[in-house]
Amino acid sequence: MSLLEIRNLRTHLAVPGGIARAVDGVDLDLGEGGTVGVVGESGSGKTLLALSILGLPPGGPDQIIDGSSIRYRGEELVGVGNKRLREIRGGEIAMIFQEPMTSLNPVFTVGDQVRESVGLHTSLRGRAGKEEVVRLLGEVGIPDPSARMRDYPHQFSGGMRQRVMIAMALAGKPSLLIADEPTTALDVTIEAQILDLIKETQTRLGMGLLLISHDLRTVSKVCERLVVLYAGRVVESGPTAEVLASPKHPYTRGLMGSRLSMDDRRKSLRPIPGEVPEATSWPRGCRFHPRCGEMIPRCRTREPDLLPLEAAAPDSGGAVGPTTGVRKARCWLLGETGGGA
Amino acid sequence: MGRWIGLVLPGLPQLLRREAFKGTSVLLLWLGLLVVGLTRFDRVTAAFDGGLHDRVALLTLFIGLIGAWWWSFRDDRSHRIGRGEVPYGSGAGQGVWEAFRRNRMAVLGLGIILTLYLVMLLTPFLAPFEPELREAYQPGGDASRILNPPSVRNIMGTDQYSQDVFSRILYGARISLSIGLLAVGISVTLGGLLGAIAGYLGGRIDWVIMRAVDVVMAFPKLVLIIVIVAVFFPASLFVIVVALAFTQWPFMARMVRGEILSLKEREFTEAARALGFSRRRILFRHLLPNAVGPLTVVAALGIGNAIVLEAGLSFLGLGVQGGHTSWGKMVFEGRDFLLDEWWIATFPGLAIVLAVLAFNLVGDGLRDALDPRQGGGAGP
Ligand SMILES: Nc1ncnc2c1ncn2[C@@H]1O[C@H](COP(=O)(O)OP(=O)(O)O)[C@@H](O)[C@H]1O
Ligand SMILES: [Mg+2]
């Protein structure tokens, strides 16, 4: 059984300009202890995807459209009661956010905040609770945790705060950690440390990891599999190494281009022109076509499906699960059937 | 030497460390209490068997005397321990306090407030006369005690009933100062709660609460209070406090609602939700504590406001009926003598001005200190 199995997830928000179809039919699979990276430019729906998994889209769970399915260890989370969702949050699935500077409450000590999380998800109280806080803070690399737990967030650097957030997330011993742009607000050197910490913790605790970033490089360092999101849809997915070696979707190639140096860019890949359109008005046809350098007439009128690249033998998945090893892409250039059989 | 010096004289270690402000305040407080205790020794000993106010005064005296010592010792010790390490007591409020301290007028206001409340608590030991002692009307009384101008014996003179104005001001502080505190306490609780709920839940509940706020705020405060008090006339202390609180809660509600609206968009709210905290817990344990700073500003200004309103009410003859006097009532009683016997109304009037000014200074000081653009706040 896979840890997380998302099918046709659609999260639509009512906004002044209409309906923002911010997450619009996303499939995603994550095995026990597996690591999946979600990449896409800002506005492609990554954060909303993560919040939807926890039943926390901005306007309440009703924004997750009927027909969406999010299964956590086989348990359907869409439509489940608030009580169960609260147990899941932090206890089964924990999430850390982009802004470590503002993700901690400024008026409480760091220790109090971790302790509150410990108190919510474990039966550790009093002395044992305090020891657990010290242990957690030590585990995420806070030096001298029993002294620093008495400090307030403003006395911590951004990297240290993100470590505290991770400690809070680990307090409930979750089986799945969602990290939404955990290093975007940090310096490059700190970024590497935090990524190492996340990766190391994930391996040690055997957690599943859903790492979200706009930066392909960040996720490809940590994750076994990639899911490329554009305009609320998955446009390409597959094992990290394979996707990087031969990106099939022009958008993926564009993302790779935007991380190359200016020199390389001129030679081979250009950054993607323009920006992600408003979620209220996705383009007709392929949602990427107005920005695509390789557009063909068909892209304007009909949207391609997300199809497997090679027709994998039905039993080739085996131990890795039904779709774990499969590469998929959503592009007309790959032919009617996605370039496969 | 050194370690135990704090036990010799409170404030001494601080003075030796050249922290003149801390040192002198504590030393002056301690000496003042000592002088009061010694000069009114008979009253102090009698207070053991006295009424509630006497006992409160006694308790205040002892706590003050011992507290000054204890604080001085503790402060000195933590200074030794903390030297060269993490600054002692550095917390979220630290930056605010530092910014507040730089504002001299605000510190002065705080000093006045603390002194006023200390004086209020110690009144039985400080007042030279009983507030209702009418010497001219005693058997064999001295008729010349009526309407005396300020003198050594009656430093603020006597009124038309030969009562000592200074003593009456001291006793009047009890009503004037506690009414403000109580009224604001109630309005902060009620308004804070309603504002927090309105801001956090939004939607229809928000609409209902905010329309109630609008309605109450549409009336001039004094008119509203007069109506309430007139309905329940003669008004007890309780009615007046409730009437004052009723006119003030909308301001608290509006302020807290605004705070919560912006706080709930902050990422730590989302992080708390993602960690599984309940909505109630997030609102009361995570968001509301963040609104405490701004709330104290409104509260401080509100207390000053309530004192003025109470005075106005008393001046109209609608104030607390029976029992002890209040400052507003004293001004009211002295209004006919304003031109010739000016001291009867002027001194209680000055007391009102002093108290209100002090609360406004503190309120403004707090607001500036909490304003991150002015270098305060709890930022890094
Ligand atoms: N609270 C919200 N209200 C209205 N629109 C939103 C809200 N959050 C996100 N959106 C819209 O949903 C789309 C996806 O947003 P998001 O999930 O934050 O993208 P990403 O995390 O990939 O940058 C964007 O078009 C954004 O404008
Ligand atoms: Mg995002």
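1. Start with the β9/β10 pair of chain A. Val234(A) in β10(A) is the bridge partner of Leu229(A). The strands concerned are β9 (residues 225-230) and β10 (residues 233-239) of chain A, and they pair in the antiparallel sense. Six bridges hold that pairing. Bear in mind that this is a predicted model.

2. That pair belongs to an open sheet of eight strands in chain A. The order is β6-β7-β8-β3-β9-β10-β12-β11. Pairing in this sheet is mixed. At the edges sit β6 (93-96) and β11 (307-308) of chain A, each pairing on one side only. As background, strands of a sheet pair through backbone hydrogen bonds, either parallel or antiparallel.

3. Take the β1/β2 pairing next. β1(A) and β2(A) run antiparallel and are joined by nine bridges. A hairpin of two residues links β1(A) to β2(A). For a residue-level check, look at Glu5(A): its bridge partner in β2(A) is Asp29(A).

4. β1(A) also pairs with β4(A), again in the antiparallel sense, over four bridges. In that pairing, Arg7(A) stands opposite Ser69(A) of β4(A). Strand β4 (residues 69-72) of chain A then pairs with β5(A), antiparallel, over two bridges. Arg71(A) faces Glu76(A) of β5(A) across that pairing, standing opposite this residue.

5. Now the interface. Chain B puts 22 residues in contact with 28 residues of chain A. How much area do chain B and chain A bury between them? The value is about 2400 Å², with 59% of it on carbon and sulfur atoms. On the chain B side, Glu267(B), Ala274(B) and Leu275(B) lose the most area to chain A. Together these three residues account for 27% of what that side buries.

6. Which residue of chain B forms a salt bridge with Glu116(A)? The partner is Arg281(B), with the closest N and O atoms 2.6 Å apart. Nine residue pairs are in polar contact across the interface of chain B and chain A, counting pairs with both residues at pLDDT 80 or more.

7. Finally, what does chain B bring to the contact? The elements giving two or more residues to its side are α12 (267-274) and α13 (279-315) of chain B. Of the elements, α12(B) gives the most, with six residues. By class, the chain B residues that touch chain A divide into nine nonpolar, seven polar and six charged.

Methods:
Residues are numbered from 1 along each chain as its sequence is written. Chains are lettered from A and ligands numbered from 1 in the order in which they are written. This is a predicted model: local features need pLDDT of at least 70, side-chain atom pairs count only at pLDDT 80 or more; totals for chains, interfaces and linings use all residues. Side-chain values use heavy atoms; hydrogens and water are left out. Two strands pair if DSSP finds at least two bridges between them. Contact means heavy atoms within 4.5 Å. Buried area is the accessible area (1.4 Å probe) that two parts lose on being put together, summed over both. A salt bridge is a side-chain nitrogen of Lys or Arg within 4 Å of a carboxyl oxygen of Asp or Glu. A polar contact is a pair of N or O atoms within 3.5 Å; within protein, one must be able to donate a hydrogen and the other to accept it, and residues adjacent in sequence count only if both atoms are side-chain atoms. Ala, Val, Leu, Ile, Met, Phe, Trp, Tyr, Cys and Pro count as nonpolar, Asp, Glu, Lys and Arg as charged, and the others, Gly among them, as polar.
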